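I opened the notebook to go through one structure, item by item. The entries follow the order in which I looked things up.

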Amino acid sequence: MPTALITGATAGLGRSFAEALAREGHRLVLVARSETALKETADELRASYGTESEVLAADLATDEGCAAVCSRLGADPAVDLLVNNAGIGYERPFLNNGPRAEERLLDLNVRAVLRLTEAALTAMTARRRGQVLNVASVAGIGPSWLSSTYPASKAWVISFTESLAWSRQVRDAGIRMTALLPGYTRTEFHRRAGIPTTFPPPWLWLDADQVVRTALRDLRRGKVVSVPSLRYKAATWALRHLPRPLTRQGAWDISAHQHR
Ligand SMILES: NC(=O)c1ccc[n+]([C@@H]2O[C@H](COP(=O)([O-])OP(=O)(O)OC[C@H]3O[C@@H](n4cnc5c(N)ncnc54)[C@H](OP(=O)(O)O)[C@@H]3O)[C@@H](O)[C@H]2O)c1
């Protein structure tokens with residue numbers, strides 16, 4: 001029975017990953033900060049699918065939290081799939097946020113991904129088996145979210161994943177790595193960050209279960225960059241290929257309105 005470790009497994013995309021992998025018969029290691037939510041999730045997965053889940057309460061924006069999860073990634077039963085999913089964004093513009101909050105975003109969205117990927121790949125390359133799925137964002141492609149550290153953090157995740165996925169060290173060991181680039185997806189993300197959900201229009205919002213189905217399919221097909229839905233495939237193409245001055249016109253500037 002394969003084992004998957006999912007960060008941010010109690011809500012949104014992480015919860016959908018947990019459901020999908022439980023349904024497929026994986027054993028799970030669920031990571032988030034709230035132990036209560038982790039236990040509830042584990043209980044619900046046991047009741048629905050008979051899944052055995054370990055729960056690991058850890059704040060991945062801290063050294064200790066990362067160390068606890070890294071230590072599990074090197075232990076038995078071996079983790080066959082790591083899903084680096086936990087991530088945050090802010091509604092306040094860069095200059096109103098304070099450096100500590102911005103660093104905290106980087107600690108979770110970037111540093112934890114680096115630490116956990118390193119721990120997972122060390123164990124996986126030794127076993128010559130394993131998969132790593134890193135949740136980035138369409139925002140990581142271009143200037144879609146101005147005055148925020150978030151797009152830069154996700155650009156890092158995309159570049160980091162591509163850089164390792166195509167490396168001899170990883171490929172020769174038979175490890176698959178994918179960066180997932182969701183567009184706007186209905187989860188708790190925006191509510192938690194205080195970001196209004198009145199934009200974009202309803203047809204641009206994705207369903208978390210659908211995003212996860214595409215991500216797992218693309219990972220298994222060996223796709224290094226996965227962009228769920230035709231809408232966001234087109235958006236990603238435009239952000240990559242159209243001139244920056246043009247794509248900047250449609251960017252969301254969080255410093256432009258009520259925050260000034
Ligand atoms: N939703 C979107 O529109 C969208 C679009 C593109 C990319 N993404 C990316 O998708 C990923 C998942 O986002 P989501 O929308 O599913 O978010 P969500 O619904 O807000 O869920 C976040 C999950 O991460 C956990 N978490 C938050 N901070 C944590 C920390 N410091 N340490 C450990 N766990 C933490 C939360 O549990 P606790 O609070 O208990 O820790 C929760 O389980 C993120 O990387 C996000 O950037 C989302």
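Which side chain meets that of R111 in a salt bridge? I found that of D63, at 2.7 Å from N to O. By salt bridge I mean a side-chain nitrogen of Lys or Arg within 4 Å of a carboxyl oxygen of Asp or Glu. R111 lies in helix 5 (residues 99–127) and D63 in helix 3 (residues 63–73), so this pair ties together parts that are 48 residues apart in sequence. Helices here are DSSP runs of H or I with at least four residues, numbered from the N terminus.

A note on the source: this is a predicted model, where local features need pLDDT of at least 70 and side-chain atom pairs count only at pLDDT 80 or more, while totals for chains, interfaces and linings use all residues. Residues are numbered from 1 along each chain as its sequence is written, and side-chain values use heavy atoms, with hydrogens and water left out.

R115 lies in helix 5 and D63 in helix 3, so the pair ties together parts that are 52 residues apart in sequence.

I then looked up the exposure of these residues. Buried means under 20% relative accessible area, exposed over 50%, and partly exposed in between, with a 1.4 Å probe and protein chains only. D63 is partly exposed at 39%, R111 is partly exposed at 33%, and R115 is partly exposed at 24%.

Next I checked R100, whose side chain meets that of D107 in a salt bridge at 3.6 Å, N to O. R100 counts as partly exposed at 47% relative accessibility, whereas D107 counts as buried at 16%.

I also noted a network of salt bridges that links R15, E19, R23 and E44. A search of the whole structure gave me 18 salt bridges.

**Entry: the ligand**

Which residues come nearest to the ligand? Of the 31 residues around the ligand, I listed T10, N85, Y150, T187 and R192 as the nearest. A residue is near if one of its heavy atoms lies within 4 Å.

I sorted the shell by class and got 15 nonpolar, eleven polar and five charged residues. In this sorting, Ala, Val, Leu, Ile, Met, Phe, Trp, Tyr, Cys and Pro count as nonpolar, Asp, Glu, Lys and Arg as charged, and the others, Gly among them, as polar.

Helix 1 (12–23), helix 6 (150–165) and helix 8 (189–193) each supply at least two residues of the shell. Helix 8 gives the largest share, three residues.

I then read off distances to oxygen atoms of the ligand. A polar side-chain atom of T187 lies 2.5 Å from a ligand oxygen. For Y150, an N or O atom in the side chain is 2.6 Å from a ligand oxygen. For S34, a backbone N or O atom lies 3.0 Å from a ligand oxygen.

**Entry: L242**

I placed L242 in the loop between helix 10 (230–241) and helix 11 (244–247). L242 counts as partly exposed at 35% relative accessibility.

Conventions: Polar contact = N/O pair within 3.5 Å; in protein donor to acceptor, adjacent residues only side chain to side chain.
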